[in-house]
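Here are a few notes to keep beside you while you look around this structure for the first time. Take them in any order you like.

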Amino acid sequence: MLDGTAGKGLPVGFGFRPYRGDEDHGAMAAVRRGCAERDRVDAQSVVEGLPTAAEIAEASAKSEEPSKNQILVVCDGSVVGYSTIRWWQERDDTWLYLHRGYLLPEQRGQGIGSEMLSWAEERIRRLVEQHGTARTAVIGANAMTSEQDATALLRAAGYRRVFSLVELELGDLRQLPEPVDELPAGIRTGPIGTSHYRAAWRTVVDSYADSGFTQRWPFQDFVDTADPACWRAAWNGQDMVGVALCSIRRHDHTVGEVEELSIRADQRRLGIGRALLLDGLQSLREQGATTARLFTGTANPHRSYDLYESVGFRRQNEYVRYRKPLA
């Protein structure tokens, strides 16, 4: 059920309705495709590409109460836009309530985006009240730098930029450079087995110890999503000092992703990261991937761009996170 005031400011002929499940996934995917040219969407992005109806169905199934936390914008019975809300707790105990809206370009400029934004903010305030998280809750929203309409809407509504991610692509995995650096004495690399899971998880989690705006990652979540075929680690004796967690995209096996590359702070600048990265990329190629993607924070203090670009990655789009106080 939608609140009786939701969408009251929409133009004549437009309305909001709740998400209804399977019958909506094709229309939602069509909205995303309809936005692609105007917003310069990168279809192969691992951050936010062009999802299929099946991928939208999968994401909706993972969300809490999707019929209450997703709305569709309709005009004469046709879906022309939609908004979603999800939330999580970050490492510093902040509860982030993130909304994301999509509206066909031909329907923009009529105040519909503002109504979608108002619905999301009001729904988030109700969720915060239900969850009892008001002390640390903030409202968040995402927009690519290429999404000029969404960016302008968020800024006009009082949102401020807090960080951004940049996505990089290695266009041809057949062109990997050969490893040239010898590893330090005592360092060895190899695959990650189930007995190494906790050490690998801890290596990644510790690498984010000083990073803001990062989501909590319980060990069980790590185990539940483990896909170790292209995972590699480095050890100094029995101590794990770095990991490269790579995977093949489930919906497109030609695309590999470097999900994490984490090196223990006291082992950086020794060539371990480059060796692990190349090992992981080689594994992706052996598994059938022809290209690879990764994303990293633009404020990354470890100059990881230099490493990624040295093996052939090139920058694609930038993805900006905005925030607004709850009150």
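1. On a 1 Å grid over the protein atoms alone, a cavity is a set of points where a 1.4 Å probe fits but cannot get out, while a pocket is an open set with protein on both sides within 12 Å along at least five of seven lines; lining residues have an atom within 4 Å of a point. Grid points are joined across faces, edges and corners, and a volume is the space filled by probe spheres set on the points. By this count the structure holds one cavity of 30 Å³ or more.

2. A word on the model itself. It is predicted, so local features need pLDDT of at least 70 and side-chain atom pairs count only at pLDDT 80 or more, whereas totals for chains, interfaces and linings use all residues. Residues are numbered from 1 along each chain as its sequence is written, and side-chain values use heavy atoms, with hydrogens and water left out.

3. The largest cavity has a volume of about 70 Å³. Its lining includes Arg32, Cys35, Asp39, Tyr102 and Met144. Helix α1 gives the most to this lining, with three residues; helices (H or I, at least four residues) and strands (E, at least two) are DSSP runs, numbered from the N terminus. The lining of the largest cavity divides into five nonpolar, one polar and four charged residues, where Ala, Val, Leu, Ile, Met, Phe, Trp, Tyr, Cys and Pro count as nonpolar, Asp, Glu, Lys and Arg as charged, and the others, Gly among them, as polar.

4. Next, the second largest pocket, with a volume of about 430 Å³. Elements giving two or more residues to its lining are α1 (22–39), β4, α4 (112–131), β5 (137–144) and α5 (148–156). Of these, α4 gives the most, with six residues. The lining has 26 residues, and Gly101, Gly113, Asp149, Ala150 and Leu153 lie nearest the centre of the pocket. By type, the lining residues are 11 nonpolar, 10 polar and five charged.

5. Do look at strand β3 (residues 78–89). Nine of its 12 residues are buried (under 20% relative accessible area, with exposed over 50% and partly exposed in between; 1.4 Å probe, protein chains only), so β3 is largely enclosed by the rest of the structure. Two strands pair if DSSP finds at least two bridges between them.

6. Between β2 and β3 the hairpin has two residues, and aspartate 76 in the turn has a positive phi of about 55 degrees. The hairpin of β3 and β4 has five residues between the strands, with aspartate 93 at a positive phi near 80 degrees.
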